Amino acid sequence: MSIEIANESGVNVDETSIVSAARYALDKMEVSPLAELSILLVTLDVMEDLHERWMDLPGPTDVMAFPMDELDSSRRPDAPDASPALLGDIVLCPAFAKDQAKTAGHSLMDELHLLTVHGCLHLLGYDHAEPAEEREMFALQKRILGEYQDAVAALEKRNAQRNTDDRVLGIAGLDTTPDPAAGETP
């Protein structure tokens, strides 16, 4: 899966983790590995312009999704005529999301992950205009986001344990990492 990200917002964020959240959500939704996605982080002014132009609503917003192609889920990825499907674009506004994160009591990155998953679901046809649709979409969003956060926490725990193990092995003289200064090669 190809995911491009461009940060034109002026806000310093961990772009890699935003891509990771998008990839996780799309994998959970069993989107074709040939799919392509673009994520753009913009300023309040740019988001306000997009919001007014495309939704006819005043002021900026947190996330907008612009779907491109319909995904053909019946098409096999190894079929000879398989080609990348352009899912579309997700536009995030970190400056707008910052206030929402503060209100919700979590970090800006947590809010951007939530908005990324939300945008992915919109690209896949989910909406929240009607109460039943809202319940379905938000339950799915909450489940995917929770599973993503659990996976990240498990990875961080494994990495911390690996670092501790490496330090202990180094202290005990059992470090398996080659020392090029000593002429050791991998």
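**Contacts of the annotated histidines and a nonpolar surface patch**

Once residues up to four places away in sequence are set aside, His122 touches Ala65, Asp127, His128 and Met137. The structure described here is a predicted model, and within this model His122 belongs to helix 4.

His118 also lies in helix 4, which spans residues 108-123. When neighbours within four places in sequence are left out, the residues in contact with His118 are Val63, His128, Met137, Phe138 and Gln141.

According to UniProt, in an unreviewed entry, the feature "binding site" is placed at His118, His122 and His128. In the predicted model, His118, His122 and His128 from this set are included in the lining of the second largest pocket.

Elsewhere in the model, a nonpolar patch on the surface is formed by Trp54, Met55 and Leu57, which together have about 340 Å² of accessible area. Of these residues, Leu57 is located in the loop that runs between helix 2 (44-55) and strand 3 (63-67). Leu57 has a relative accessibility of 40% and therefore counts as partly exposed, because this class lies between the limit for buried residues, under 20%, and that for exposed residues, over 50%.

Terms used:
Residues numbered from 1 in each chain as written. Predicted model: local features only at pLDDT ≥ 70, side-chain atom pairs only at ≥ 80, totals over all residues. Heavy atoms only, no water. Patch = residues over 30% accessible without salt bridge, like charges linked within 9 Å, V, L, I, M, F, W, Y side chains within 5 Å. Areas by Shrake-Rupley, 256 points an atom, 1.4 Å probe, with all protein chains shown as cover. Salt bridge = Lys/Arg side-chain N within 4 Å of Asp/Glu carboxyl O. Helix = DSSP H or I, 4+ residues; strand = E, 2+ residues; numbered from the N terminus. Buried < 20%, exposed > 50% of the residue type's maximum accessible area, 1.4 Å probe, protein only. UniProt positions renumbered as here; feature names shortened; annotations may be inferred. 1 Å grid on protein atoms, 1.4 Å probe; cavity = no way out; pocket = protein on both sides within 12 Å on 5 of 7 lines; lining within 4 Å. Contact = heavy atoms within 4.5 Å.
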